[in-house]
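Subject: Structure handover

Hi,

Here is the structure for your review. My notes follow below it.

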Amino acid sequence: MKRQLQSTPVLSSEITPKAVYFSRRDFIKAAGVTAGSLALASCAPSATQTALETRAAPIETAADELGDSVTPYNDITNYNNFYEFSTDKEAVAPLAASFTTKPWSVEVSGLVNKPKTYALEDLLKKFTQEERIYRLRCVEAWSMVVPWTGFTLASLLNEVEPSADAKYVRFESVYRPDEMKGQNSPFYVWPYQEGLRLDEAMHDLTLLATGLYGEPLPNQDGAPIRLVVPWKYGFKSIKSIVKIELTDKEPSTLWNTAAPNEYGFYSNVNPAVPHPRWSQATERRIGEFSRRPTLPFNGYAEQVASLYQGMDLSVYY
Ligand SMILES: Nc1nc2c(c(=O)[nH]1)N[C@H]1C(S)=C(S)[C@@H](COP(=O)(O)O)O[C@H]1N2
Ligand SMILES: [Mo]
């Protein structure tokens, strides 16, 4: 079930005292939308009023559709892969703290009828922001459950109208080596880039995230806007996007360029295809002691397996 209230021009946490804001999230939970897709409460005073009256559990105790609890905010925001800042996951948050995310714009171009550069505020205003709880499974075999806020990539692509020859979408992160010291590393080709096939990009699960835990995206998680593709390894979910380009050729990606035998273009979560240096059969959920089995397509097979019908996924890894 997906409930869409009015679109929210500014995340309400920016303009509302914390206590009231938390009760709005309680309202969402009380409304019974606990898994898969939550709606952001509207800014209408009546919604706040209802929230204050209903009081249910906060987002911290929400779960995904498999019943797995969301990962604590502290873990999501202090255990990050963001090589522009550091290859040390616990060093990213402090190094990203002073990163400039205002002003920000995203260029949408290439094989589209209506290319356009959007200011971030316009994206927040124009597209309905929803909250969706997704598992994120890193290729390094750890995982988290994250309550994202964002809008579907499809809603943006429909707006610019991909032309008939568009087959892929290429994404580019910001390039700012003065602010992002990791971009001086010669081991990778900067800026970070990623790609999806157009049908993957248009899938309803594919999100452009602008927040988590109901608050604007923290810098270390890819502020102010990042991709989330929950059935693929975490590295496909590119952070701090400045460019989205429709193409007719499979785009190069940072990881495929760095190590093509280890990281393919598709990178669907697949317990049956090991990384050349380690197994992908199990994973460590952050905050848990024992390992758990990794699910095909990270547990989203029912929604996405049909995209790959007839493809040998050990060849197209
Ligand atoms: N621009 C950019 N995007 C990136 C990365 C990166 O280093 N740079 N790391 C990727 C990897 S490997 C993972 S697992 C996820 C981690 O997202 P998180 O830190 O929000 O959990 O971001 C992905 N997006
Ligand atoms: Mo990752």
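**Overall picture**

The chain exposes about 13300 Å², and carbon and sulfur atoms supply 54% of that area. Areas come from the Shrake-Rupley method with a 1.4 Å probe, and for residues only the protein chains shown count as cover. This is a predicted model: local features need pLDDT of at least 70, side-chain atom pairs count only at pLDDT 80 or more, and totals for chains, interfaces and linings use all residues. Residues are numbered from 1 along each chain as its sequence is written, chains are lettered from A and ligands numbered from 1 in the order in which they are written, and side-chain values use heavy atoms, with hydrogens and water left out.

There are nine helices and 13 strands. Both are DSSP runs numbered from the N terminus (helices: H or I, at least four residues; strands: E, at least two). Of the 317 residues, 55% are buried. Buried means under 20% relative accessible area, exposed over 50%, partly exposed in between (1.4 Å probe, protein chains only). Among contacts (heavy atoms within 4.5 Å) with a separation of 6 or more, 72% join residues 24 or more positions apart.

**R226**

R226 sits in strand β10 (residues 226-228). R226 is buried but has no salt bridge. That term needs a side-chain nitrogen of Lys or Arg within 4 Å of a carboxyl oxygen of Asp or Glu. The nearest side chain of opposite charge is D221, 4.7 Å away. Lys and Arg count as positive, Asp and Glu as negative; His and the chain ends are not counted. The R226 side chain does reach the backbone oxygen of S237, at 3.2 Å. Leaving aside neighbours within four places in sequence, its contacts include L136, W148, L207 and I241.

**Aromatic pairs**

The structure holds 20 aromatic pairs. Rings of Phe, Tyr and Trp (its six-membered ring) pair if their centres lie within 6.5 Å; planes under 30 degrees apart are stacked, over 60 edge-to-face, the rest tilted. Y266 and Y316 are edge-to-face, because their planes stand at 85°, with ring centres 6.1 Å apart. This pair links distant parts of the chain, 50 residues apart: Y266 is in the loop between α8 (254-258) and β12 (282-285), Y316 in the segment after α9 (301-304). Y266 is buried at 7% relative accessible area, whereas Y316 is partly exposed at 44%. One aromatic cluster is formed by Y83, Y188, W190, F235, W255 and Y263.

**I59**

I59 lies in the loop between α2 (45-54) and α3 (73-76). Its relative accessibility is 5%, so I59 counts as buried.

Best regards

How values were computed
A polar contact is a pair of N or O atoms within 3.5 Å; within protein, one must be able to donate a hydrogen and the other to accept it, and residues adjacent in sequence count only if both atoms are side-chain atoms.
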